[in-house]
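Please look over the sequence and the structure shown here before reading on. The paragraphs that follow go from the overall fold to the sheet, then to the core and to one helix.

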Amino acid sequence: MSNVMFYCVKCHKRATKRHKCNPLSYISITSDMRCVVDRLVDDLGFKVYSAVHYIENVDRSFLHKIELEIEFNDDYSETLLQSMPTGWNWYKFDVRDGDILLSGLRYNEDYLWTGDGTVTDRVNKIIADFMEYLGTRDPQAFRAVLTLHYS
Ligand SMILES: [Zn+2]
């Protein structure tokens, strides 16, 4: 598993012990996911709770399970992001013993390493493709819909 750190979405900085913002603006991320968080939060207006990625080597073989997971701090409708790149899906989860339902985005891939590049290269490509997809969404339209339905 990659290193998870706290990231302040207000200052766009790693939140260390000395960071003085309201902890509500801190989210857990792996550093490679930072660009995705900035796009989702700053440009599109989503409330993100965490954004991490995992790479798991299966039985010391060339097979790797790659997972990227973005948890939102709201129960967003799947219609907000449609026709995402292959491998990306919406999911729902609950917190506080089922009292609160939230939504998230998850990417799963069984990646067979063939000697071409590294597994990290593959993760960076998945992130780049997702960034390109998010770049095709209209920030103004998004902010309008999110403010209307989710604030
Ligand atoms: Zn801050």
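Helices (H or I, at least four residues) and strands (E, at least two) are taken here as DSSP runs, numbered from the N terminus. In those terms the chain holds 3 helices and 7 strands, and read along the sequence they follow the pattern β-β-β-α-β-β-β-β-α-α. This is a predicted model, in which local features need pLDDT of at least 70 and side-chain atom pairs count only at pLDDT 80 or more, while totals for chains, interfaces and linings use all residues. Residues are numbered from 1 along each chain as its sequence is written.

The C-alpha trace spans about 45 × 40 × 35 Å along its principal axes.

The strands form an open sheet of 7 strands with mixed pairing, in the order β2-β1-β3-β4-β5-β7-β6, where two strands count as paired if DSSP finds at least two bridges between them. Because β2 (13-14) and β6 stand at the edges, each with a single partner strand, one side of each is left without a neighbour in the sheet. The partner strands β6 and β7 run antiparallel and are joined by 8 bridges, with Lys92 standing opposite Ser103 in β7. These two strands form a hairpin with 4 residues between them, and Arg96 in the turn has a positive phi of about 50 degrees. β5 and β7 also run antiparallel, joined by 9 bridges, and here Ile66 stands opposite Glu109 in β7.

To speak of the interior, a residue is called buried if 20 or more other C-beta atoms lie within 10 Å of its own, exposed if 12 or fewer, and partly exposed in between, with C-beta atoms placed from the backbone. Buried residues make up 17% of the 151 residues, yet the count of buried residues among the 8 residues of β6 is 0. In soluble globular proteins, nonpolar side chains tend to be buried together. A nonpolar core is a set of buried Ala, Val, Leu, Ile, Met, Phe, Trp, Tyr and Cys residues joined through C-beta atoms within 7 Å. The largest such core has 21 residues, of which Ile27, Ile29, Val48 and Ala51 touch the most other members. At least two residues of this core come from each of β3 (26-30), α1 (34-43), β4 (48-57), β5 (63-72), β7 (100-112) and α2 (119-135).

Val48, which lies in strand β4, is buried because 24 other C-beta atoms lie within 10 Å. Leaving aside neighbours within four places in sequence, Val48 is in contact (C-beta atoms, placed from the backbone, within 7 Å) with residues including Ile27, Val37, Leu40 and Phe72. With the same exclusion, Ala51 is in contact with Ile27, Ile29, Met33, Val36, Val37 and Ile70.

Which residues of α2 are buried? They are Val123, Ile126 and Phe130, and because they cover an arc of only 60 degrees around the axis, they lie on the same side of α2; the arc is that of the directions from the helix axis to the C-beta atoms. What covers these buried residues includes α1, β4, β5, β6 (88-95) and β7. The face of α2 turned away from its buried side carries the exposed residues Asp121, Lys125, Ala128, Glu132 and Gly135.

Note on methods. Contact = placed C-beta atoms within 7 Å.
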